[in-house]
Amino acid sequence: MARRRQIYEGKAKILYEGPEPGTLIQYFKDDATAFNAQKKGTINGKGVLNNRISEHVFTLLQGIGVPTHFIRRLNMREQLIRQVEIVPVEVVVRNVVAGSLAKRLGIEEGTPLPRTIVEYYFKDDALGDPMVTDEHILCFGWASQDELHDMADMAIRVNDFLSGLFAGIGIRLVDFKLEFGRIFDNDFSRIILADEISPDGCRLWDMASGEKLDKDRFRRDLGGEVEAYQEVARRLGLLPEGADSTVLDLEKHRQRKGS
């Protein structure tokens, strides 16, 4: 498919004009950022892996009735998605104490939560994506009461499904972030799941060893980021077991082959 006009470039993805009205092409980059882009780097092959993982997860979620923007994967780094109006609120679902929650409350990382927590953050890098309450969201009109209910309900449903999915392959879903968007039908709109679900936006710990299999390896300079993302893909059945030579970046593969 020919590359079309660029609509938007974010920290991990680029959006291009789609082939039909109401569609976009979402391109997954290898760029890695942390701490609101204060730390920057590259994880080779990350875009390919996240494209495959997100496609797999979104397809499974659609199968249980969760509406998403995903239409189909186009190639190694691109997928066709529905164009949505993004709600400027990130929804974070937490099952285990980690990251900013541990720092804010002084609770040891890894402490299981007695109940799942849903948090909201205003999407603004310049402000550091500040945590907000439902009262802020409603007061400033970022979402309506009905939309907020839909987002929270979907977040819990996604959490229940993904917790089971990952537990089945020996991975604990510690926490994750979701983004939602509006699609319009004349004067009416509805909320659907958008963005991506991948090790970039999830904390995934090996159940046996506690090894981190997500972007915390980049955030905390642990190394082994590519191997961690590959391990998640392998366990999900997206890469062959033990396939160390799996082609993740077609361009580099061609260069090695001299073609």
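Visitor: Is lysine 177 buried, exposed or partly exposed?
Guide: Lysine 177 is partly exposed, at 27% relative accessibility. Buried means under 20% relative accessible area and exposed means over 50%, with partly exposed in between, using a 1.4 Å probe and protein chains only.

Visitor: What should I know about the model before going on?
Guide: This is a predicted model, in which local features need pLDDT of at least 70 and side-chain atom pairs count only at pLDDT 80 or more, while totals for chains, interfaces and linings use all residues. Residues are numbered from 1 along each chain as its sequence is written, and side-chain values use heavy atoms, with hydrogens and water left out.

Visitor: Back to lysine 177. Which residue does it form a salt bridge with?
Guide: The partner is glutamate 179, with 3.6 Å between the closest N and O atoms. A salt bridge here is a side-chain nitrogen of Lys or Arg within 4 Å of a carboxyl oxygen of Asp or Glu. Glutamate 179 is buried, at 8% relative accessibility.

Visitor: How many salt bridges does the structure hold?
Guide: There are 27. One of them joins aspartate 175 and arginine 94, whose closest N and O atoms are 3.4 Å apart. Aspartate 175 is in strand β12 (residues 171–185) and arginine 94 is in strand β9 (residues 89–96), so this pair ties together parts 81 residues apart in sequence. Strands (E, at least two residues) and helices (H or I, at least four) are DSSP runs, numbered from the N terminus.

Visitor: Are those two buried or exposed?
Guide: Aspartate 175 is buried at 4% relative accessibility, and arginine 94 is buried with a relative accessible area of 3%.

Visitor: What about aspartate 216, which residue is its salt-bridge partner?
Guide: Arginine 203, with the closest N and O atoms 2.7 Å apart. Aspartate 216 belongs to helix α5 (residues 216–219) and arginine 203 to strand β14 (residues 202–206), so the pair ties together parts 13 residues apart in sequence. Both residues are buried. They also belong to a network of salt bridges that includes Arg94, Glu109, Asp175 and Arg219.

Visitor: New topic. How is the chain divided?
Guide: Into domain 1 (6–82) and domain 2 (85–229), with bounds from an automatic or database domain assignment. Their centres, taken over C-alpha atoms, are 16 Å apart.

Visitor: How many residues are in contact between the domains?
Guide: 30 residues of domain 1 are in contact with 28 of domain 2, contact meaning heavy atoms within 4.5 Å. The rule finds 4 salt bridges across that interface.

Visitor: Which elements of domain 1 touch domain 2?
Guide: β3 (23–28), β4 (31–34), β5 (39–42) and α1 (46–63) each supply at least two residues of that side. α1 gives the most, with 9 residues.

Visitor: And at the other end of the chain, which residues of helix α6 are buried?
Guide: In α6 (residues 225–235) the buried residues are Glu225, Ala228, Tyr229, Gln230, Val232, Ala233 and Arg234. An α-helix has 3.6 residues a turn, so residues three or four places apart point the same way.

Visitor: What do the buried residues of α6 pack against?
Guide: They pack against α1, α4 (145–167), β12, β14 and α5. After α6 comes glycine 237, with a positive phi near 85 degrees.
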